[in-house]
Structures are given as structure tokens and as C-alpha cells.
Amino acid sequence: MSGLLAAQEKMRAAGVSEAAIEVFSHYYHQLEQGVTGMIPEDTIEPYLDPPLLADLTVSEEAARAALAQTAIIKLNGGLGTSMGLDRAKTLLEVREGKNFLDLIVGQVQSVRERYDVQLPLLFMTSFRTDDDTQSYLARYPELAVGDLPLTFVQNQEPKLRADDLTPVSWPADPTLEWCPPGHGDLYTALIGSGILDQLLAAGYRYASVSNGDNLGAYPSPTIAGWFASTGAPYAAELCRRTINDKKGGHLARRKRDGQLILRDTAQTLPEEMDFFTDEHRHPYFHTNNLWMDLRQLKDRLTGGSAVLGLPLIRNEKTVDPTDSDSTPVIQVETAMGAAIEVFPGSTAICVGRDRFLPVKTTNELLLLRSDVYRLSPAGRLETDLDHSPEVALSGKYYKTIAKFDQRIPSAPSLRAATKLQVDGDWQFEAGVTIAGAAEFGPEGGTVTAGVHGSAQ
């Protein structure tokens with residue numbers, strides 16, 4: 001039996017939708033043909049002229065009209081395993097006893113009340129996070145809108161052996177034989193679950209999509225009104241890069257047709273990474289905050305095929321990500337932001353850094369828990385500072401939430417800080433203030449209450 005047939009049978013046996021199997025098969029054929037998904041630098045031109053959110057003026061009436069036709073979708077499939085979590089990452093406490101889900105719900109409810117709109121909120125979960133998410137959201141009985149569900153589950157696909165592209169077998173933990181198809185699966189999941197048709201039937205034309213761990217991506221009335229006015233099928237939010245923004249994809253114009261495309265790290269040739277990370281050559285990074293016209297998405301997917309045609313991302317891993325000696329596998333992935341290239345007329349907008357507050361490590365979590373930010377009644381994390389201090393915590397002692405909370409039970413004051421670097425095993429007392437730059441070495445110890453740093 002061929003690797004593809006074996007994978008298809010495995011997916012059907014697990015109850016995976018036919019739409020997802022069709023999309024997986026499309027990319028499997030690309031793997032067989034040696035497609036790498038790479039985007040060489042000489043095939044693109046830098047994207048230098050997005051409109052600026054700060055320059056926009058949108059009337060209250062236009063904002064309300066757009067919000068009345070908008071649904072909010074949050075990606076919520078991750079477990080946060082890199083931070084030592086074994087449940088939905090959005091259940092992690094951010095501050096004042098509230099987790100990501102609490103704050104997201106608060107943001108949506110605030111906009112609903114302010115603009116008198118329904119503004120449905122849906123979470124795209126995974127087979128690992130759906131139960132956790134639904135159980136927690138039960139404490140918000142007023143959250144659901146009409147017959148729309150609060151969650152829909154993204155698809156899963158087999159990890160493929162790197163040597164022969166057959167589905168990998170891992171009896172020690174069969175769940176590790178499966179992986180999500182990347183967040184580009186959003187479109188397949190919307191179709192396969194019936195959610196896209198439900199939203200359209202209920203009168204919703206637009207969707208605002210973002211990562212569940214990015215609390216900066218609150219429902220924006222201004223961007224909603226702007227996007228509706230453009231008539232564009234799709235828009236991406238960008239931020240201006242700084243020298244510290246080495247990761248994350250960027251938009252570019254494809255030379256052969258002028259189409260906007262997304263290039264990610266995994267699609268960049270190793271010898272061209274200097275171009276990718278050059279904040280002057282490619283001055284804007286992609287936030288993964290997206291806006292889409294659901295009618296135009298539906299039209300694009302008519303004709304009986306669920307294949308949107310996103311570029312392949314070939315992700316090489318081991319079947320057990322914690323064991324580098326386990327079987328090498330290939331995960332077939334796509335990025336949802338890459339949809340910008342399959343919609344002629346797509347656009348982008350440059351937003352402020354306040355709309356990009358992702359938490360990927362405990363470094364970012366410490367910032368959000370500190371006094372750099374305040375929590376507004378609307379569930380938004382706001383700051384009046386014109387800079388964000390650099391935080392670098394030792395992975396050995398602070399990588400997991402358990403270790404982090406044990407050593408920093410109370411966030412230090414960072415409002416006057418420029419940099420906090422912790423290389424050793426340090427226990428932070430309550431009442432610590434960092435002023436300027438502070439470095440705590442590998443010897444470890446106790447950071448006592450009081451002021452520490454170069455500006456003390």
C-alpha cells in the first residue's frame with residue numbers, strides 16, 4: 001500500500017473530514033514531487049508602503065455597521081508544551097486572577113456593549129484543547145450568539161516518516177503519530193465543520209482572526225470599518241520591525257505578478273536568512289492578525305474542492321519532539337497568513353505594537369504580569385510607555401510555568417527598566433524594582449526587595 005493510501009485510511013478511521021483528507025492529499029503529492037515551499041529572495045520585492053492605522057479616520061456609524069457583520073475567531077489549538085503545560089495554553093493565568101480566555105471574553109463583551117452588536121466569538125481548538133476550552137467557557141452562558149458554537153475543532157493528520165513518507169507508528173504514545181496541519185487548516189476547518197456556511201447564513205460577512213495568546217488583537221472598530229470600506233477579500237495586520245524582530249514572517253510582492261505573499265522562516269533558504277532578518281530590507285513583520293471577507297472566501301472555495309492552494313511548509317521533526325533520537329518525520333503544514341496570495345486584491349495595514357502582545361515564553365509573560373501594562377475594564381492590556389524592556393530569563397530555571405512561578409511569584413516593577421537578564425537560579429522577593437539595565441549572574445541567589453539596576 002502506498003504511503004498516501006495508508007495515510008488516507010488512517011485519517012478516515014479517525015473520523016477526519018473528507019475535506020481535510022483532500023487537502024492533505026494535495027500536499028502529499030507535492031512532497032512526492034520534491035516541492036520545498038522555499039521562496040528565494042530574487043523572486044520577491046520588499047513590501048514598503050502599507051497604509052497606517054494611525055492615519056485612519058473611521059466614523060462611529062461605519063465602525064458599528066462593520067462590527068455588526070463581523071465574527072471574532074481565535075486560534076486556540078496549542079497546549080503550551082514548551083512552557084510545561086498539558087492543557088490549553090489560554091487557560092494560563094495572565095494577571096489579576098484572569099487567564100487569556102477571561103480577557104478575550106472581556107474584550108468581546110466590552111465591544112458588544114459599546115457598539116450594541118452581537119459580535120460572535122469562536123475558538124478554533126484542537127483534539128487536545130477542545131474539552132478544556134468548552135469546559136471553561138461554560139462559566140460564560142451569555143457568550144454564545146444564536147446557534148453558533150463557541151468552538152470548532154481543527155483537523156489532524158498523520159506525521160509521515162521522513163524516509164518513505166508512510167504514516168509513522170509510535171506505540172509508546174499513539175497520540176504522537178498525529179499533528180495539526182498548521183494554522184492554514186483554518187480554512188479547511190471552516191468548510192468541513194460547516195461554520196463558514198453558518199456564519200454566512202446568520203448574516204456575518206467578515207471575520208477577524210488572531211492567535212489566542214495575543215491579547216493585543218482585541219476587536220478593533222477602526223480596522224473593521226476600514227476593512228469593510230476597502231472591499232478587499234483579505235487583509236493582514238503588520239508591525240514595523242526593530243532590530244530585535246528576527247523571527248516571524250514578512251509580506252513581499254512576487255515579481256512575476258505583483259501579488260502580495262507571505263514568506264516565513266521555514267520558506268527562506270538558509271543562505272538567505274540575512275535578507276529575511278534585515279529590518280531595513282523587509283521593514284514590516286506579519287502579526288498573524290487577519291481580516292477576511294467570508295463571502296469571497298466561500299466563492300474562492302466553490303467548485304467542490306476544499307483546496308485553497310496555500311504554499312506548502314515542509315516541517316522536519318522527530319515523532320517525539322522531546323526525544324531527538326526518535327523517528328525523523330515530516331509534518332505537512334500551511335500558514336493561514338499565506339492565504340493573502342490566493343486572493344487578488346488582498347491588502348495589509350500597519351498597526352501599532354499594542355496589537356502584538358504574544359506570549360510564547362515566560363519572558364513575555366513576565367512583561368504582561370508587570371506594571372509595564374495595566375489591565376483596563378475592557379480586558380485590554382495597555383501601557384503609556386514608549387518602550388518595552390528587554391527580558392531574558394534563563395531557560396534552565398524559568399522556561400516552564402512551574403519553575404517560573406516558584407522563582408518569581410510576584411512580578412518585579414519594570415516600568416523604569418530597559419533590560420532584565422537573569423542567567424542563574426534567582427528567587428525574586430516581592431517589592432523588587434528594576435531601573436535601567438539589571439543582570440543577575442549564573443551564581444544564583446535572592447533578589448531582595450528594593451531597586452536594582454544601572455539607574456538605581
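**View 1. Helix α2 and the lining of the largest cavity.** Helix α2 gives 4 residues to the lining of the largest cavity, which is the largest share; helices (H or I, at least four residues) and strands (E, at least two) are DSSP runs, numbered from the N terminus. The structure is a predicted model, in which local features need pLDDT of at least 70 and side-chain atom pairs count only at pLDDT 80 or more, while totals for chains, interfaces and linings use all residues. Residues are numbered from 1 along each chain as its sequence is written, and side-chain values use heavy atoms, with hydrogens and water left out.

**View 2. The cavity itself.** On a 1 Å grid over the protein atoms alone, a cavity is a set of points where a 1.4 Å probe fits but cannot get out, and its lining residues have an atom within 4 Å of a point. A search of the whole structure finds 1 cavity of 30 Å³ or more, and the largest cavity holds about 190 Å³ of space, a volume being the space filled by probe spheres set on the grid points, which are joined across faces, edges and corners. Of the 21 residues that line the largest cavity, Val-23, Tyr-27, Asp-185, Thr-188 and Thr-334 lie nearest its centre.

**View 3. Strand β2 and its neighbours.** Because 7 of the 7 residues of strand β2 (residues 70–76) are buried (under 20% relative accessible area, with a 1.4 Å probe and protein chains only), β2 is largely enclosed by the rest of the structure. Strand β2 pairs in the parallel sense with β10 (residues 206–211) over 6 bridges, where two strands pair if DSSP finds at least two bridges between them, and Ala-71 stands opposite Ala-207 in β10.

Methods:
Buried means under 20% relative accessible area, exposed over 50%, partly exposed in between (1.4 Å probe, protein chains only). On a 1 Å grid over the protein atoms alone, a cavity is a set of points where a 1.4 Å probe fits but cannot get out, and a pocket is an open set with protein on both sides within 12 Å along at least five of seven lines; lining residues have an atom within 4 Å of a point.
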